[in-house]
Amino acid sequence: MTTPAPYALRAAERRDLPAIAGLIHELAAFEQLSHVCEATPAALEPQLFGARPVAEAVVAEAEGVVIGFALFFTNFSTFLAKPGLYLEDLYVQPAWRGHGVGQALLEHLGALAVERGCGRFEWSVLDWNEAAIGLYRRMGASVLPDWRICRVSGEALARFAR
């Protein structure tokens, strides 16, 4: 394995929207979920940079090219009575995997959670993604066996709301 060029982490900027949208589509393909991916720069812009942003992103960049990202938002723990940081998605392009980019993004968000006084830093992982699960465990994360994600979206959400 050759050593790639150095990379740096930084807060995402509006100019990164096309790259982030592209990486989201790469992630969707990796997770075999391209059929539900609707991310575009225009759809992401108000969510990340609008009047009331609901999420933030950090990008990993090498030689002026965005090679990975982490998209996250603040949630809240009623039991701890503190905010938390929830990592919605993290993706590193295949050529950069195994070079510490994903771990650096996770460590960056962990430090941000501590800096912001969060009681938790959480995320989900697909049960078949053994490489990611192994990394998370090596970093000290607990993979909770007894929690399941509940989701209502699309037309089902419209019916749910009635």
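Residues are numbered from 1 along each chain as its sequence is written, and side-chain values use heavy atoms, without hydrogens or water. Because the model is predicted, local features need pLDDT of at least 70 and side-chain atom pairs count only at pLDDT 80 or more, while totals for chains, interfaces and linings use all residues.

I start with the sheet. Helices (H or I, at least four residues) and strands (E, at least two) are DSSP runs, numbered from the N terminus. Two strands pair if DSSP finds at least two bridges between them. Five strands make an open sheet of mixed pairing, ordered β1-β2-β3-β4-β5. The edges are β1 (8–11) and β5; each has a single partner strand, so one side of each lacks a neighbour in the sheet. From one strand to the next, the twist averages 30 degrees. Strands β4 (residues 82–92) and β5 run parallel and are joined by four bridges.

Next, the helices. For angles, axes are lines fitted to C-alpha atoms, for helices over the stretch in contact, and the values run from 0 to 180 degrees between N-to-C directions; contact means heavy atoms within 4.5 Å. Helix α1 (residues 17–30) lies across β2 (56–62), β3 (65–77) and β4, at about 80 degrees to β3. Helix α3 (residues 101–115) lies across β1, β2, β3, β4 and β5, and runs at about 165 degrees to β4.

Now the charged side chains. A salt bridge here is a side-chain nitrogen of Lys or Arg within 4 Å of a carboxyl oxygen of Asp or Glu, and the count comes to six. Arg10, Asp16 and Glu61 are linked in a salt-bridge network. Aspartate 16 sits in the loop between β1 and α1 and is buried at 3% relative accessibility; buried is under 20% relative accessible area, exposed over 50%, and partly exposed in between (1.4 Å probe, protein chains only). Arginine 116 and glutamate 56 meet in another salt bridge, 2.7 Å from N to O. Arginine 116 is in the loop between α3 and β5 and glutamate 56 in strand β2, so this pair ties together parts 60 residues apart in sequence.

Last, the surface. Phe30, Leu126 and Trp128 make a nonpolar patch of about 270 Å². Patch residues have over 30% relative accessible area and no salt bridge; like charges are joined within 9 Å, nonpolar side chains (Val, Leu, Ile, Met, Phe, Trp, Tyr) within 5 Å. Areas come from the Shrake-Rupley method with a 1.4 Å probe; for residues, only the protein chains shown count as cover. Tryptophan 128 is partly exposed, at 43%.
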